[in-house]
Amino acid sequence: MARNFSGQRLRAVRKAAGISVERLALDIDRSAYSIFEYERGRVTPPINVVAAIADALGRPIEDLLTEEAAHAA
């Protein structure tokens, strides 16, 4: 199983924590636009940014990942 960043999970975790996009952006030194792009799945953040997001939200990185079955070629 491959684990991938999930913008949908980011949005759900952020909202559950009661943190705005703007606040999260300030907390991790990114733009609000970047957070919106991460949540929409248009941009995948680097692992260090995923770690910063998880830390800012007080959650483990795993809460921002999904598991996908690996497909044989």
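Let's start where helix α3 ends: it is followed by glycine 41, whose phi is positive, near 80 degrees. Keep in mind as you look around that this is a predicted model.

**Where α2 meets α3**

Now look at how α2 and α3 cross: their axes come within 8 Å, at an angle of roughly 110 degrees. Angles of 65 to 115 degrees count as roughly perpendicular, so α2 is roughly perpendicular to α3. On the α2 side, the contact is made by Val21, Glu22, Leu24, Ala25 and Ile28. Their partners on α3 are Ala32, Ile35, Phe36 and Glu39. Sorted by class, this contact has seven nonpolar residues, two charged ones and no polar ones.

**The nonpolar core**

The largest nonpolar core holds 17 residues, and those touching the most other members are Leu10, Leu24, Ile53 and Leu64. Two or more residues each come from α1, α2, α3 and α4. Which element gives the largest share of this core? It is α4, with five residues.

Setting aside neighbours within four places in sequence, leucine 24 is in contact with Leu10, Arg14, Ile19, Ile35, Ile53, Ala56 and Leu57.

Definitions and conventions
Residues are numbered from 1 along each chain as its sequence is written. This is a predicted model: local features need pLDDT of at least 70, side-chain atom pairs count only at pLDDT 80 or more; totals for chains, interfaces and linings use all residues. Side-chain values use heavy atoms; hydrogens and water are left out. Helices (H or I, at least four residues) and strands (E, at least two) are DSSP runs, numbered from the N terminus. Axes are lines fitted to C-alpha atoms, for helices over the stretch in contact, and angles run from 0 to 180 degrees between N-to-C directions. Angles under 35 degrees count as roughly parallel, over 145 as roughly antiparallel, 65 to 115 as roughly perpendicular and the rest as oblique. Contact means heavy atoms within 4.5 Å. Ala, Val, Leu, Ile, Met, Phe, Trp, Tyr, Cys and Pro count as nonpolar, Asp, Glu, Lys and Arg as charged, and the others, Gly among them, as polar. A nonpolar core is a set of buried Ala, Val, Leu, Ile, Met, Phe, Trp, Tyr and Cys residues joined through side-chain atoms within 4.5 Å. Buried means under 20% relative accessible area, exposed over 50%, partly exposed in between (1.4 Å probe, protein chains only).
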